[in-house]
Amino acid sequence: MSSLWKQHTFETSGTPFEPDARHEVVVIGAGLTGLATAYELARSGVDVALLERGGIGELASGSNTGKVSLLQGTTLSSLRSGHPASLVRAYVDANRDGLAWMTDTARRLGVPLTSRTAYTYAQGDEGKRSVVKEYDAAREAGLAVRLAEEDELRAAAVPMAAAVALDDQRAVDPMRMLAALADAFVAAGGTLHFGVDVNGVKVFPEPRVETDRGTIFGSRVVVATGIPILDRGLYWAKVSGMRSACVSFTLTAPLPDGMYLSADEPTRSVRTVLPEDGPADLAQIVVGGAGHPVGRAESERAMLDELSLWAQQTLPVGEETHRWSAQDYTSHNRIPFIGTMPRSLGRVRFATGYAKWGLTNAPAAALRIVSELRGEKMRDRPRWMTQLGTRLTMPADIAQGAAENAKVGLAAAKGWAGAEAEAVPVPQPAEGEGVVAQRAGRPVAISTTDGQTRAVSAVCPHLGGILEWNDLECTWDCPLHASRFTASGDRIEGPATRGLRPVD
(Lines give C-alpha, C1' and ligand atoms only; values in the text may rest on other atoms or scores of the structure.)
Protein backbone atom coordinates (compact mmCIF):
# COMPACT_ATOMS: atom_id res chain seq x y z
CA MET A 1 0.00 0.00 0.00
CA SER A 2 1.66 3.20 -1.16
CA SER A 3 0.77 6.81 -1.87
CA LEU A 4 0.10 7.89 -5.45
CA TRP A 5 2.81 10.52 -5.01
CA LYS A 6 5.52 7.99 -4.11
CA GLN A 7 5.67 6.16 -7.43
CA HIS A 8 8.76 7.93 -8.76
CA THR A 9 12.30 7.44 -7.54
CA PHE A 10 13.88 10.70 -6.46
CA GLU A 11 17.62 11.13 -6.68
CA THR A 12 18.25 13.17 -3.54
CA SER A 13 21.16 11.59 -1.72
CA GLY A 14 22.42 12.17 1.78
CA THR A 15 25.88 12.28 3.27
CA PRO A 16 27.42 9.80 5.74
CA PHE A 17 26.68 10.57 9.38
CA GLU A 18 29.68 11.75 11.39
CA PRO A 19 29.39 11.32 15.18
CA ASP A 20 30.21 14.41 17.24
CA ALA A 21 29.85 16.74 14.21
CA ARG A 22 28.86 20.30 15.06
CA HIS A 23 26.41 22.58 13.24
CA GLU A 24 24.63 25.83 13.95
CA VAL A 25 21.19 24.19 13.65
CA VAL A 26 20.10 20.54 13.67
CA VAL A 27 16.65 19.82 12.20
CA ILE A 28 14.92 16.49 12.93
CA GLY A 29 12.49 15.26 10.27
CA ALA A 30 12.44 15.59 6.46
CA GLY A 31 8.76 16.34 6.05
CA LEU A 32 7.58 19.72 4.81
CA THR A 33 8.18 21.55 8.12
CA GLY A 34 11.72 20.25 8.46
CA LEU A 35 12.67 20.72 4.82
CA ALA A 36 11.20 24.22 4.57
CA THR A 37 12.95 25.28 7.76
CA ALA A 38 16.28 23.75 6.75
CA TYR A 39 16.09 25.16 3.22
CA GLU A 40 15.33 28.71 4.34
CA LEU A 41 18.08 28.67 6.95
CA ALA A 42 20.63 27.25 4.50
CA ARG A 43 19.67 29.90 1.92
CA SER A 44 20.62 32.57 4.45
CA GLY A 45 24.02 31.03 5.13
CA VAL A 46 23.27 29.04 8.29
CA ASP A 47 25.12 25.72 8.74
CA VAL A 48 22.23 23.20 9.01
CA ALA A 49 22.15 19.42 9.40
CA LEU A 50 18.87 17.64 8.65
CA LEU A 51 18.29 14.18 10.18
CA GLU A 52 15.73 11.72 8.82
CA ARG A 53 15.14 8.16 10.00
CA GLY A 54 13.47 7.01 6.75
CA GLY A 55 13.12 8.90 3.49
CA ILE A 56 11.82 12.27 2.34
CA GLY A 57 8.11 12.69 3.05
CA GLU A 58 8.01 9.34 4.81
CA LEU A 59 4.77 10.04 6.68
CA ALA A 60 2.05 12.72 6.37
CA SER A 61 3.94 15.14 4.11
CA GLY A 62 4.13 12.58 1.31
CA SER A 63 0.71 11.02 1.86
CA ASN A 64 -1.82 13.85 1.70
CA THR A 65 -4.16 14.95 -1.11
CA GLY A 66 -1.90 17.71 -2.43
CA LYS A 67 -4.36 20.54 -1.68
CA VAL A 68 -2.79 23.90 -0.86
CA SER A 69 -5.81 25.91 0.25
CA LEU A 70 -7.01 28.57 2.67
CA LEU A 71 -10.53 27.13 2.53
CA GLN A 72 -10.17 24.14 4.81
CA GLY A 73 -13.50 22.44 5.24
CA THR A 74 -15.18 23.91 8.33
CA THR A 75 -11.95 24.88 10.11
CA LEU A 76 -12.64 28.62 10.28
CA SER A 77 -16.21 28.35 11.58
CA SER A 78 -15.06 25.78 14.15
CA LEU A 79 -12.36 28.19 15.30
CA ARG A 80 -14.74 31.13 15.38
CA SER A 81 -17.27 29.27 17.54
CA GLY A 82 -14.95 29.47 20.52
CA HIS A 83 -12.44 32.23 19.73
CA PRO A 84 -12.32 35.92 18.86
CA ALA A 85 -12.32 37.03 15.24
CA SER A 86 -8.75 38.35 15.62
CA LEU A 87 -7.39 34.85 16.29
CA VAL A 88 -9.20 33.39 13.29
CA ARG A 89 -7.80 36.16 11.10
CA ALA A 90 -4.31 35.47 12.45
CA TYR A 91 -4.72 31.79 11.53
CA VAL A 92 -5.81 32.79 8.01
CA ASP A 93 -2.91 35.23 7.67
CA ALA A 94 -0.44 32.51 8.71
CA ASN A 95 -1.86 30.11 6.15
CA ARG A 96 -1.91 32.85 3.50
CA ASP A 97 1.82 33.34 4.04
CA GLY A 98 2.25 29.57 3.90
CA LEU A 99 0.42 29.38 0.58
CA ALA A 100 2.45 32.28 -0.82
CA TRP A 101 5.66 30.56 0.26
CA MET A 102 4.60 27.32 -1.42
CA THR A 103 3.70 29.17 -4.62
CA ASP A 104 6.87 31.25 -4.78
CA THR A 105 9.19 28.42 -3.77
CA ALA A 106 7.63 25.94 -6.19
CA ARG A 107 8.12 28.38 -9.05
CA ARG A 108 11.71 29.04 -7.99
CA LEU A 109 12.46 25.31 -7.88
CA GLY A 110 10.56 24.42 -11.03
CA VAL A 111 7.79 22.43 -9.33
CA PRO A 112 4.48 22.70 -11.22
CA LEU A 113 1.41 24.02 -9.43
CA THR A 114 -2.08 24.39 -10.87
CA SER A 115 -4.64 26.96 -9.83
CA ARG A 116 -7.91 25.50 -8.57
CA THR A 117 -11.17 26.61 -6.99
CA ALA A 118 -11.61 25.09 -3.53
CA TYR A 119 -15.08 24.17 -2.29
CA THR A 120 -16.49 23.35 1.13
CA TYR A 121 -19.76 21.71 0.18
CA ALA A 122 -22.91 20.22 1.68
CA GLN A 123 -23.79 16.69 0.64
CA GLY A 124 -27.38 17.19 1.80
CA ASP A 125 -29.70 19.61 3.57
CA GLU A 126 -28.06 19.05 6.97
CA GLY A 127 -24.75 20.41 5.69
CA LYS A 128 -26.15 23.66 4.28
CA ARG A 129 -26.03 25.42 7.63
CA SER A 130 -22.35 24.47 8.06
CA VAL A 131 -21.58 25.89 4.61
CA VAL A 132 -23.14 29.25 5.51
CA LYS A 133 -21.26 29.34 8.83
CA GLU A 134 -17.97 28.69 7.04
CA TYR A 135 -18.77 31.40 4.50
CA ASP A 136 -19.47 33.92 7.27
CA ALA A 137 -16.31 33.02 9.23
CA ALA A 138 -14.15 33.14 6.10
CA ARG A 139 -15.50 36.53 5.03
CA GLU A 140 -14.94 37.91 8.52
CA ALA A 141 -11.36 36.62 8.39
CA GLY A 142 -10.67 38.44 5.12
CA LEU A 143 -11.03 35.69 2.52
CA ALA A 144 -12.71 36.45 -0.81
CA VAL A 145 -15.09 33.50 -0.60
CA ARG A 146 -18.42 33.27 -2.37
CA LEU A 147 -21.48 31.05 -2.24
CA ALA A 148 -21.70 28.87 -5.34
CA GLU A 149 -24.59 29.55 -7.71
CA GLU A 150 -26.97 26.86 -8.94
CA ASP A 151 -25.22 26.39 -12.27
CA GLU A 152 -21.87 25.94 -10.49
CA LEU A 153 -23.40 23.38 -8.13
CA ARG A 154 -24.81 21.40 -11.04
CA ALA A 155 -21.50 21.42 -12.93
CA ALA A 156 -19.37 20.26 -9.97
CA ALA A 157 -17.48 16.99 -9.90
CA VAL A 158 -19.48 15.81 -6.87
CA PRO A 159 -23.17 16.20 -5.95
CA MET A 160 -23.42 19.45 -3.97
CA ALA A 161 -26.52 20.80 -2.22
CA ALA A 162 -24.66 24.04 -1.37
CA ALA A 163 -21.07 25.22 -1.32
CA VAL A 164 -18.74 28.03 -0.33
CA ALA A 165 -15.99 28.58 -2.91
CA LEU A 166 -12.56 30.21 -2.91
CA ASP A 167 -10.81 30.76 -6.23
CA ASP A 168 -7.08 30.68 -7.05
CA GLN A 169 -5.96 27.98 -4.62
CA ARG A 170 -3.29 25.43 -5.54
CA ALA A 171 -2.84 21.75 -6.28
CA VAL A 172 0.59 20.13 -6.13
CA ASP A 173 2.37 16.80 -6.21
CA PRO A 174 3.69 16.95 -2.61
CA MET A 175 6.52 14.48 -3.14
CA ARG A 176 7.84 16.41 -6.12
CA MET A 177 7.85 19.52 -3.94
CA LEU A 178 9.65 17.75 -1.09
CA ALA A 179 12.28 16.26 -3.39
CA ALA A 180 12.95 19.66 -4.96
CA LEU A 181 13.33 21.20 -1.50
CA ALA A 182 15.79 18.50 -0.45
CA ASP A 183 17.89 19.05 -3.59
CA ALA A 184 17.84 22.82 -3.07
CA PHE A 185 18.78 22.44 0.60
CA VAL A 186 21.83 20.34 -0.26
CA ALA A 187 22.76 22.72 -3.10
CA ALA A 188 22.64 25.61 -0.62
CA GLY A 189 25.25 23.89 1.56
CA GLY A 190 23.00 21.91 3.89
CA THR A 191 23.93 18.51 5.30
CA LEU A 192 21.32 15.77 4.85
CA HIS A 193 21.53 12.49 6.78
CA PHE A 194 19.17 9.57 6.02
CA GLY A 195 18.74 6.46 8.14
CA VAL A 196 19.38 8.23 11.44
CA ASP A 197 17.01 7.37 14.29
CA VAL A 198 16.84 10.07 16.95
CA ASN A 199 16.58 8.85 20.55
CA GLY A 200 16.46 12.17 22.36
CA VAL A 201 17.59 15.78 22.64
CA LYS A 202 19.66 17.26 25.48
CA VAL A 203 20.10 20.99 26.04
CA PHE A 204 22.58 21.13 28.95
CA PRO A 205 25.44 21.86 29.09
CA GLU A 206 25.15 22.29 25.32
CA PRO A 207 22.43 21.31 22.83
CA ARG A 208 22.89 17.92 21.23
CA VAL A 209 20.84 15.25 19.52
CA GLU A 210 21.30 11.62 20.56
CA THR A 211 20.87 9.10 17.72
CA ASP A 212 21.47 5.43 17.01
CA ARG A 213 24.58 6.51 15.07
CA GLY A 214 26.01 8.73 17.80
CA THR A 215 25.70 12.32 18.97
CA ILE A 216 25.41 15.41 16.78
CA PHE A 217 25.72 18.93 18.20
CA GLY A 218 23.82 22.06 17.22
CA SER A 219 23.49 25.46 18.85
CA ARG A 220 19.76 25.21 18.09
CA VAL A 221 17.54 22.19 17.42
CA VAL A 222 14.27 22.04 15.48
CA VAL A 223 11.95 19.09 16.13
CA ALA A 224 9.79 18.60 13.03
CA THR A 225 8.47 15.09 13.65
CA GLY A 226 4.69 15.44 13.29
CA ILE A 227 4.26 15.22 17.05
CA PRO A 228 7.30 16.15 19.17
CA ILE A 229 9.32 13.10 20.18
CA LEU A 230 10.25 14.97 23.38
CA ASP A 231 7.96 14.88 26.42
CA ARG A 232 8.75 18.47 27.39
CA GLY A 233 5.48 20.41 27.36
CA LEU A 234 3.29 17.27 27.31
CA TYR A 235 2.10 18.01 23.78
CA TRP A 236 0.99 14.41 23.34
CA ALA A 237 -1.82 15.35 25.78
CA LYS A 238 -2.63 18.60 23.96
CA VAL A 239 -3.16 17.13 20.49
CA SER A 240 -5.16 14.22 19.10
CA GLY A 241 -3.77 11.84 16.50
CA MET A 242 -6.12 11.36 13.56
CA ARG A 243 -5.83 8.98 10.61
CA SER A 244 -7.49 9.38 7.24
CA ALA A 245 -7.34 7.43 4.00
CA CYS A 246 -7.07 8.10 0.28
CA VAL A 247 -7.72 6.08 -2.83
CA SER A 248 -6.85 7.10 -6.39
CA PHE A 249 -8.47 6.07 -9.66
CA THR A 250 -8.12 6.63 -13.35
CA LEU A 251 -10.94 8.67 -14.88
CA THR A 252 -13.31 7.45 -17.57
CA ALA A 253 -14.67 10.95 -18.29
CA PRO A 254 -13.38 14.51 -17.75
CA LEU A 255 -14.30 16.28 -14.51
CA PRO A 256 -14.06 19.94 -13.42
CA ASP A 257 -10.69 20.58 -11.81
CA GLY A 258 -11.92 21.80 -8.45
CA MET A 259 -10.86 20.71 -4.95
CA TYR A 260 -13.81 19.54 -2.87
CA LEU A 261 -14.27 18.83 0.85
CA SER A 262 -17.61 18.06 2.46
CA ALA A 263 -18.91 20.02 5.44
CA ASP A 264 -21.06 17.13 6.68
CA GLU A 265 -20.44 13.48 7.47
CA PRO A 266 -19.17 11.18 6.20
CA THR A 267 -16.25 13.37 5.14
CA ARG A 268 -15.49 13.22 1.43
CA SER A 269 -12.47 14.91 -0.15
CA VAL A 270 -12.10 14.93 -3.95
CA ARG A 271 -9.38 16.33 -6.17
CA THR A 272 -8.49 15.62 -9.78
CA VAL A 273 -4.83 15.01 -10.62
CA LEU A 274 -3.59 16.43 -13.91
CA PRO A 275 -0.37 15.56 -15.72
CA GLU A 276 0.83 19.07 -14.79
CA ASP A 277 0.42 18.54 -11.02
CA GLY A 278 0.77 14.80 -10.61
CA PRO A 279 3.20 11.92 -10.98
CA ALA A 280 1.63 10.32 -14.06
CA ASP A 281 0.89 11.24 -17.67
CA LEU A 282 -2.81 10.40 -17.38
CA ALA A 283 -5.56 12.24 -15.53
CA GLN A 284 -6.53 10.66 -12.22
CA ILE A 285 -8.63 11.49 -9.18
CA VAL A 286 -7.88 11.26 -5.46
CA VAL A 287 -10.73 10.59 -3.04
CA GLY A 288 -10.11 11.00 0.68
CA GLY A 289 -12.02 10.40 3.89
CA ALA A 290 -12.44 7.67 6.54
CA GLY A 291 -11.07 9.97 9.25
CA HIS A 292 -10.91 8.58 12.80
CA PRO A 293 -8.80 8.72 15.97
CA VAL A 294 -5.74 6.49 15.83
CA GLY A 295 -6.33 2.98 17.12
CA ARG A 296 -10.08 3.39 17.60
CA ALA A 297 -11.53 2.02 14.37
CA GLU A 298 -13.14 -1.41 14.22
CA SER A 299 -11.68 -2.01 10.78
CA GLU A 300 -9.62 0.52 8.86
CA ARG A 301 -9.75 -1.72 5.80
CA ALA A 302 -13.56 -1.69 5.85
CA MET A 303 -13.56 2.12 6.10
CA LEU A 304 -11.33 2.42 3.03
CA ASP A 305 -13.39 -0.13 1.13
CA GLU A 306 -16.48 1.97 1.87
CA LEU A 307 -14.69 5.09 0.60
CA SER A 308 -13.67 3.30 -2.60
CA LEU A 309 -17.23 2.06 -3.14
CA TRP A 310 -18.60 5.59 -2.73
CA ALA A 311 -16.20 6.84 -5.40
CA GLN A 312 -17.21 4.06 -7.79
CA GLN A 313 -20.89 4.83 -7.27
CA THR A 314 -20.55 8.62 -7.46
CA LEU A 315 -17.76 9.48 -9.89
CA PRO A 316 -16.75 8.39 -13.41
CA VAL A 317 -13.78 6.36 -12.16
CA GLY A 318 -12.04 3.45 -13.80
CA GLU A 319 -9.25 1.37 -12.32
CA GLU A 320 -8.21 1.88 -8.70
CA THR A 321 -4.50 2.72 -8.86
CA HIS A 322 -3.38 3.34 -5.26
CA ARG A 323 -4.67 3.36 -1.72
CA TRP A 324 -2.95 4.75 1.33
CA SER A 325 -3.50 6.43 4.67
CA ALA A 326 -1.76 9.04 6.77
CA GLN A 327 -1.70 10.50 10.25
CA ASP A 328 -1.85 14.07 11.44
CA TYR A 329 -2.35 15.79 14.77
CA THR A 330 -5.02 18.29 15.79
CA SER A 331 -4.63 20.60 18.77
CA HIS A 332 -7.63 20.78 21.03
CA ASN A 333 -8.39 24.31 19.85
CA ARG A 334 -7.36 23.65 16.19
CA ILE A 335 -4.54 26.26 16.30
CA PRO A 336 -1.09 24.71 15.65
CA PHE A 337 1.58 24.84 18.33
CA ILE A 338 4.67 26.60 16.96
CA GLY A 339 7.60 27.99 18.87
CA THR A 340 10.06 27.22 21.67
CA MET A 341 9.88 23.89 23.45
CA PRO A 342 9.30 24.35 27.21
CA ARG A 343 12.24 23.51 29.49
CA SER A 344 14.73 23.72 26.64
CA LEU A 345 16.52 26.95 27.65
CA GLY A 346 15.21 28.48 24.42
CA ARG A 347 17.36 26.12 22.36
CA VAL A 348 14.69 23.81 20.85
CA ARG A 349 11.93 24.83 18.43
CA PHE A 350 9.03 22.63 17.32
CA ALA A 351 5.67 22.63 15.53
CA THR A 352 2.66 20.33 15.64
CA GLY A 353 -1.13 20.27 15.36
CA TYR A 354 -1.80 21.12 11.70
CA ALA A 355 -5.19 19.32 11.67
CA LYS A 356 -4.54 17.82 8.20
CA TRP A 357 -3.69 21.19 6.60
CA GLY A 358 0.07 20.87 6.64
CA LEU A 359 0.68 22.16 3.10
CA THR A 360 -0.04 25.69 4.34
CA ASN A 361 0.54 25.37 8.09
CA ALA A 362 3.94 23.67 7.74
CA PRO A 363 5.57 26.44 5.68
CA ALA A 364 3.95 29.02 7.98
CA ALA A 365 5.53 27.24 10.96
CA ALA A 366 8.87 27.17 9.15
CA LEU A 367 8.67 30.91 8.48
CA ARG A 368 8.11 31.64 12.15
CA ILE A 369 10.85 29.27 13.36
CA VAL A 370 13.32 30.68 10.84
CA SER A 371 12.44 34.24 11.87
CA GLU A 372 13.14 33.40 15.51
CA LEU A 373 16.40 31.59 14.77
CA ARG A 374 17.60 34.48 12.65
CA GLY A 375 16.98 36.76 15.62
CA GLU A 376 14.53 39.02 13.81
CA LYS A 377 12.91 41.55 16.10
CA MET A 378 9.27 41.02 16.98
CA ARG A 379 8.24 44.30 15.38
CA ASP A 380 9.70 43.14 12.08
CA ARG A 381 7.74 39.87 11.99
CA PRO A 382 4.21 39.45 10.60
CA ARG A 383 1.63 40.11 13.30
CA TRP A 384 0.18 36.59 13.14
CA MET A 385 3.40 35.13 14.53
CA THR A 386 2.84 36.99 17.80
CA GLN A 387 -0.93 36.48 17.90
CA LEU A 388 -0.78 32.73 17.46
CA GLY A 389 2.14 32.42 19.85
CA THR A 390 0.38 34.28 22.68
CA ARG A 391 -3.15 32.96 22.24
CA LEU A 392 -5.34 32.72 25.33
CA THR A 393 -6.85 29.44 26.46
CA MET A 394 -10.61 29.81 26.08
CA PRO A 395 -13.34 27.89 27.97
CA ALA A 396 -14.12 25.95 24.79
CA ASP A 397 -10.47 24.84 24.60
CA ILE A 398 -10.56 23.54 28.18
CA ALA A 399 -13.80 21.68 27.52
CA GLN A 400 -12.45 20.13 24.32
CA GLY A 401 -9.23 19.10 26.02
CA ALA A 402 -11.15 17.52 28.89
CA ALA A 403 -13.38 15.62 26.46
CA GLU A 404 -10.41 14.32 24.45
CA ASN A 405 -8.51 13.21 27.54
CA ALA A 406 -11.65 11.48 28.86
CA LYS A 407 -11.73 9.49 25.60
CA VAL A 408 -8.08 8.57 26.15
CA GLY A 409 -8.92 7.31 29.64
CA LEU A 410 -11.82 5.28 28.29
CA ALA A 411 -9.62 3.76 25.58
CA ALA A 412 -7.01 2.84 28.19
CA ALA A 413 -9.56 1.09 30.40
CA LYS A 414 -11.14 -0.71 27.45
CA GLY A 415 -7.77 -1.89 26.17
CA TRP A 416 -6.65 -3.42 29.48
CA ALA A 417 -10.06 -5.03 30.02
CA GLY A 418 -9.92 -6.61 26.57
CA ALA A 419 -6.35 -7.80 27.02
CA GLU A 420 -7.34 -9.71 30.16
CA ALA A 421 -10.20 -11.48 28.44
CA GLU A 422 -8.19 -13.97 26.39
CA ALA A 423 -5.13 -15.96 27.40
CA VAL A 424 -2.58 -17.67 25.18
CA PRO A 425 -2.35 -20.00 23.43
CA VAL A 426 -4.69 -18.50 20.83
CA PRO A 427 -5.32 -19.65 17.25
CA GLN A 428 -2.64 -18.42 14.87
CA PRO A 429 -3.93 -15.25 13.20
CA ALA A 430 -4.66 -15.53 9.49
CA GLU A 431 -2.54 -13.55 7.02
CA GLY A 432 -3.01 -9.82 7.65
CA GLU A 433 -4.71 -10.29 11.01
CA GLY A 434 -3.64 -9.56 14.59
CA VAL A 435 -4.94 -10.30 18.09
CA VAL A 436 -4.07 -9.20 21.63
CA ALA A 437 -3.94 -11.97 24.24
CA GLN A 438 -2.47 -12.47 27.69
CA ARG A 439 0.70 -14.35 28.58
CA ALA A 440 1.94 -14.58 32.15
CA GLY A 441 -0.19 -11.61 33.12
CA ARG A 442 1.09 -9.36 30.32
CA PRO A 443 -0.70 -8.41 27.09
CA VAL A 444 0.91 -9.86 23.95
CA ALA A 445 0.30 -8.67 20.37
CA ILE A 446 0.28 -11.59 17.93
CA SER A 447 0.01 -11.07 14.17
CA THR A 448 0.71 -12.77 10.86
CA THR A 449 2.14 -10.81 7.92
CA ASP A 450 4.06 -11.98 4.87
CA GLY A 451 3.60 -15.55 6.04
CA GLN A 452 5.34 -14.99 9.37
CA THR A 453 3.64 -14.98 12.78
CA ARG A 454 5.21 -12.65 15.34
CA ALA A 455 4.59 -11.86 19.00
CA VAL A 456 5.56 -8.57 20.60
CA SER A 457 4.53 -6.68 23.70
CA ALA A 458 1.05 -5.20 23.29
CA VAL A 459 1.84 -2.38 25.71
CA CYS A 460 2.81 0.97 24.18
CA PRO A 461 6.18 2.01 25.63
CA HIS A 462 5.05 5.64 25.83
CA LEU A 463 2.34 5.54 28.51
CA GLY A 464 1.21 1.94 28.63
CA GLY A 465 -1.78 1.88 26.31
CA ILE A 466 -2.89 -1.47 24.91
CA LEU A 467 -2.30 -1.54 21.18
CA GLU A 468 -4.93 -2.20 18.52
CA TRP A 469 -4.39 -4.04 15.23
CA ASN A 470 -4.66 -1.87 12.09
CA ASP A 471 -5.95 -4.29 9.44
CA LEU A 472 -5.34 -1.84 6.58
CA GLU A 473 -1.63 -1.26 7.14
CA CYS A 474 -0.86 -4.30 9.30
CA THR A 475 0.47 -2.19 12.16
CA TRP A 476 -0.05 -1.96 15.91
CA ASP A 477 -1.58 1.42 16.82
CA CYS A 478 -1.95 3.01 20.26
CA PRO A 479 -5.45 4.46 20.94
CA LEU A 480 -4.11 6.73 23.67
CA HIS A 481 -1.60 9.08 22.04
CA ALA A 482 -1.24 7.70 18.50
CA SER A 483 2.10 5.90 18.53
CA ARG A 484 2.34 3.24 15.82
CA PHE A 485 4.53 0.17 15.32
CA THR A 486 5.19 -2.41 12.61
CA ALA A 487 4.10 -6.03 13.08
CA SER A 488 7.65 -6.83 14.20
CA GLY A 489 7.58 -4.01 16.77
CA ASP A 490 9.62 -1.27 15.10
CA ARG A 491 8.46 2.24 15.91
CA ILE A 492 6.79 4.11 13.02
CA GLU A 493 5.59 7.39 14.51
CA GLY A 494 4.06 9.09 17.54
CA PRO A 495 5.42 10.17 20.92
CA ALA A 496 6.95 6.75 21.70
CA THR A 497 10.73 6.82 21.25
CA ARG A 498 11.39 3.08 21.14
CA GLY A 499 9.87 -0.02 19.61
CA LEU A 500 8.02 -3.00 21.09
CA ARG A 501 9.80 -5.78 22.94
CA PRO A 502 9.69 -9.18 21.18
CA VAL A 503 7.94 -11.97 23.11
CA ASP A 504 9.14 -15.57 22.84
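Mentor: P266 sits in the loop that links β12 (259-262) to β13 (268-273). The model is predicted, and in it the peptide bond between E265 and P266 is cis, with omega about -5°. Another cis bond joins F204 and P205, where omega is about 5°. P205 is also found in a loop, the one between β8 (198-202) and β9 (208-211).

Some backbone angles deserve a look as well. D450 is not a glycine, yet its phi is positive, near 50°. It belongs to the loop between β19 (442-449) and β20 (452-457). Is D450 buried or exposed? Its relative accessible area is 74%, and since exposed means over 50%, D450 counts as exposed. D20 is a further residue other than glycine with a positive phi, near 70°. D20 is placed in the segment before β1 (22-28).

Now to a strand. β6 covers residues 162-172, and nine of its 11 residues are buried. In general, side chains in a regular strand alternate between the two faces of the sheet. For β6, the count of nine buried residues says that the strand is mostly covered.

Which strands pair with β6? One is β4 (residues 113-122), which runs antiparallel to β6 and is joined to it by nine bridges. Within that pairing, S115 has R170 of β6 as its bridge partner. Another is β3 (residues 67-68), antiparallel to β6 over two bridges. There, K67 faces A171 of β6. Two bridges also connect β6 with β5 (residues 146-147), again in the antiparallel sense. In this case R146 stands opposite A165 of β6.

Setting aside neighbours within four places in sequence, F185 contacts A38, Y39, A42, V48, L50, G190, T191 and L192.

Key. Residues numbered from 1 in each chain as written. Predicted model: local features only at pLDDT ≥ 70, side-chain atom pairs only at ≥ 80, totals over all residues. Heavy atoms only, no water. Buried < 20%, exposed > 50% of the residue type's maximum accessible area, 1.4 Å probe, protein only. Helix = DSSP H or I, 4+ residues; strand = E, 2+ residues; numbered from the N terminus. Pairing = 2+ DSSP bridges. Contact = heavy atoms within 4.5 Å.
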